[in-house]
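Okay, thanks for coming, everyone. Let me put the structure up, and then we'll go through a couple of spots in it.

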Amino acid sequence: MSTKTTGRAVRRERAEAVMAQQRRAERRMRLIIWGAVLTTLAGIVTAMLLTSKPQSSTDVRSATDFALTDTSGAKHTLAGHRGENLLLYFSEGAGCQSCLVQMGEIEKRAEAFAAEDVTVLPIVMNTREQILADMEINGVTTPFLLDDGTVSDAYGTLGKGMHAGLPGHSFVLIDKTGQQLWYGEYPSMWLDPGELLDEVRTRLAA
């Protein structure tokens with residue numbers, strides 16, 4: 001074999017070795033990148049699971065008074081509902097399909113809530129026209145109380161959902177004497193109405 005041929009073979013071997021080394025380095029880099037991606041995704045999923053967990057409080061306290069007008073023009077105050085058990089339902093309202101579906105499903109159990117002497121008052125930070133449009137689309141008939149944010153803030157519901165300036169998916173149970181018995185926050189934007197009714201019965205019976 002000539003010296004020239006031998007030189008070409010050596011250069012080819014060196015080039016192949018360099019290419020093999022580069023391929024190994026690229027594989028290591030891809031593994032590192034995928035590892036970082038999977039770690040990030042796992043962190044995001046964990047954070048989502050943690051933040052979507054329901055939060056609940058059974059600290060008994062005097063409920064904050066309120067004065068709100070509903071979509072039918074009726075005025076509501078805490079004092080005006082004295083002698084009734086109240087379930088306040090705060091939500092993002094218009095534009096939140098699950099919020100309206102939740103209210104629609106609660107309506108289907110109206111007799112069961114009435115049997116517990118519970119009046120359900122849904123509260124939103126929308127204009128009358130905004131929420132009426134969504135009510136009609138979803139077949140919801142219960143009047144919504146219209147809040148400028150004062151009541152939602154007083155009950156600690158703001159920023160608990162997807163928007164900092166709007167209520168989360170929250171329930172507040174107030175007994176006939178005006179005592180707040182239970183607060184429930186549901187970031188998943190849903191609480192099975194049967195479970196809600198069980199929660200109400202449990203708190204009222206405590």
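So, where is N126 found? It sits in the loop between strand 6 (118-124) and helix 4 (128-138). Helices (H or I, at least four residues) and strands (E, at least two) are DSSP runs, numbered from the N terminus.

Quick housekeeping: this is a predicted model, where local features need pLDDT of at least 70, side-chain atom pairs count only at pLDDT 80 or more, and totals for chains, interfaces and linings use all residues. Residues are numbered from 1 along each chain as its sequence is written, and side-chain values use heavy atoms, with hydrogens and water left out.

Back to N126: is it buried or exposed? N126 counts as buried, at 13% relative accessibility. Buried is under 20% relative accessible area, exposed is over 50%, and partly exposed is in between, with a 1.4 Å probe and protein chains only. A polar atom of the N126 side chain lies 2.9 Å from the backbone nitrogen of A94. Not counting residues up to four places away in sequence, N126 touches E92, G93, A94, I131 and L146; contact here means heavy atoms within 4.5 Å.

Now G83, which lies in the loop between strand 4 (75-77) and strand 5 (85-90). G83 is partly exposed, at 40% relative accessible area. Leaving aside neighbours within four places in sequence, G83 is in contact with D117 and K176. G83 and G178 are 95 residues apart in sequence, yet 8.4 Å apart in space, C-alpha to C-alpha.

Zooming out, the protein has six helices and nine strands, and buried residues make up 35% of its 206 residues.

Notes:
Polar contact = N/O pair within 3.5 Å; in protein donor to acceptor, adjacent residues only side chain to side chain.
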